[in-house]
Amino acid sequence: MNATAAHAGSRDLNSRGRTVLDRKVVEKIASQVASEESFAGGSSGGFLGIGAHSDFSARPEVTVELAGNIAALSMEIGLLYPVPLRQVTEQLRRRISERVTALTGVEVRQIDITVSWLKPADETTGRRRLL
Amino acid sequence: MRQHAGALNRTWLVILGILALAGGVLILLAASGTLHAMSPATVAAENPVVTGDLHTVFEPASVTAIVLVAGILLGALGLLWILAQIPRRNPADRYRLHQDPASGTTLCEASVLGSAVENQINTLPGVVGSSALLRGSAREPDLTMKVTVNNRADIQDILHSINARVIPDLSTALETPLRRTGIQLEVSGRNPVSGSTVATTGTVIY
């Protein structure tokens, strides 16, 4: 009776199919997690990377290298100025690692962060902005 | 803002000075005859210094080669010394801000931090423009600033703001006190152009 039930269960698992995550999914999740932090941002606007400007509401650029179930991330982010850079990047690293692992099951082993710009939160360009 | 080869110049000038001094003392001693009195083996002042035939000394090919190599070496050293006189900015490349590289690296270009400092200085009243340069390492950074102000600027106020806000903010970002700070002030007739709008704090009535 039990053997029959177990056999039926395994057949059910096999019949469910597989779920495959693309590398881009991990990239976007990591990018979204980073952008949810108030002190981190990315770049927006421009064409083919030309004319892009720093934006706290934009998602940072993240690239992922996958090796089996282990991921190594590298990201370019902008940060609020002045914040203690070592502390906030460590905090960001922990947060991204936890969230990506929780949401995808992929183990994040390494996150390389390059700080591409630093800006105060209340900085205005002195020009009118389109809303 | 630029660095000169001051230490290198001092070192080489001390070496050359000692050599020239030693040579001068030797010539004086030889000319006055004291050298001959001190050591009879040396030639007297009235005698020629070189008595032998110089052609026989320089005839072997090995001596010519040695003299040639020594000449080239001295020429190269002189050329390097001249090149070292060109003023250099010597900016820091990129700061490594990670604690454990195994979990990932954190890199920040020194120019990014410099731009943040410049942006902050440019918001001070009376500042026309600025440039900031970071040297040294992330643990021991040096900051050099060139601040251009207009003729209506309160320089003491600007210096106070830099010391009270700009420098502590950079220290906060790097999590270490700055080792050295240099401020160069320039006065310009230009007016600051920081924008044409201002954020309003007025009340909106619906």
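1. In chain A of this predicted model, the axes of α2(A) and α3(A) come within 9 Å and cross at roughly 135°, where axes are lines fitted to C-alpha atoms, for helices over the stretch in contact, and angles run from 0 to 180 degrees between N-to-C directions. That angle makes α2(A) oblique to α3(A), given that angles under 35 degrees count as roughly parallel, over 145 as roughly antiparallel, 65 to 115 as roughly perpendicular and the rest as oblique. Helices (H or I, at least four residues) and strands (E, at least two) are DSSP runs, numbered from the N terminus.

2. On the α2(A) side this packing uses V26(A), I29(A), A30(A), V33(A), A34(A) and E36(A), which meet L92(A), R95(A), I96(A), R99(A), V100(A), L103(A) and T104(A) of α3(A), contact meaning heavy atoms within 4.5 Å. By class, the residues of this contact divide into 9 nonpolar, 1 polar and 3 charged (Ala, Val, Leu, Ile, Met, Phe, Trp, Tyr, Cys and Pro count as nonpolar, Asp, Glu, Lys and Arg as charged, and the others, Gly among them, as polar).

3. Helix α2 of chain A (residues 23-36) also holds both R23(A) and E27(A), 4 residues apart, about one turn of the helix. Their side chains meet in a salt bridge at 2.8 Å, N to O, the rule being a side-chain nitrogen of Lys or Arg within 4 Å of a carboxyl oxygen of Asp or Glu. Over all chains this rule gives 9 salt bridges, while the count between chain A and chain B is 0.

4. The interface takes 25 residues from chain A and 31 residues from chain B. Together the two chains bury about 2200 Å², 49% of it on carbon and sulfur atoms, buried area being the accessible area (1.4 Å probe) that two parts lose on being put together, summed over both.

5. In chain B, the axes of α5(B) (residues 110-122) and α6(B) (residues 155-174) come within 10 Å and cross at roughly 150°, and the two helices are therefore roughly antiparallel to each other. Their crossing is right-handed. The contact joins L113(B), V117(B), Q120(B) and I121(B) of α5(B) to R165(B), V166(B), D169(B), L170(B), A173(B) and L174(B) of α6(B), a set that divides into 7 nonpolar, 1 polar and 2 charged.

6. Two backbone details deserve a look. A cis peptide bond, with omega about 5°, joins Y81(A) and P82(A), and P82(A) is found in the loop between β4 (70-80) and α3 (85-104) of chain A. In chain B, N90(B), a residue other than glycine, has a positive phi near 45° and is found in the loop between α4 (61-83) and β1 (94-96).

7. On conventions, residues are numbered from 1 along each chain as its sequence is written, and chains are lettered from A and ligands numbered from 1 in the order in which they are written. Local features need pLDDT of at least 70 and side-chain atom pairs count only at pLDDT 80 or more, whereas totals for chains, interfaces and linings use all residues, and side-chain values use heavy atoms, with hydrogens and water left out.

Key. A crossing is left-handed if the near helix is turned anticlockwise from the far one by less than a right angle, and right-handed if clockwise.
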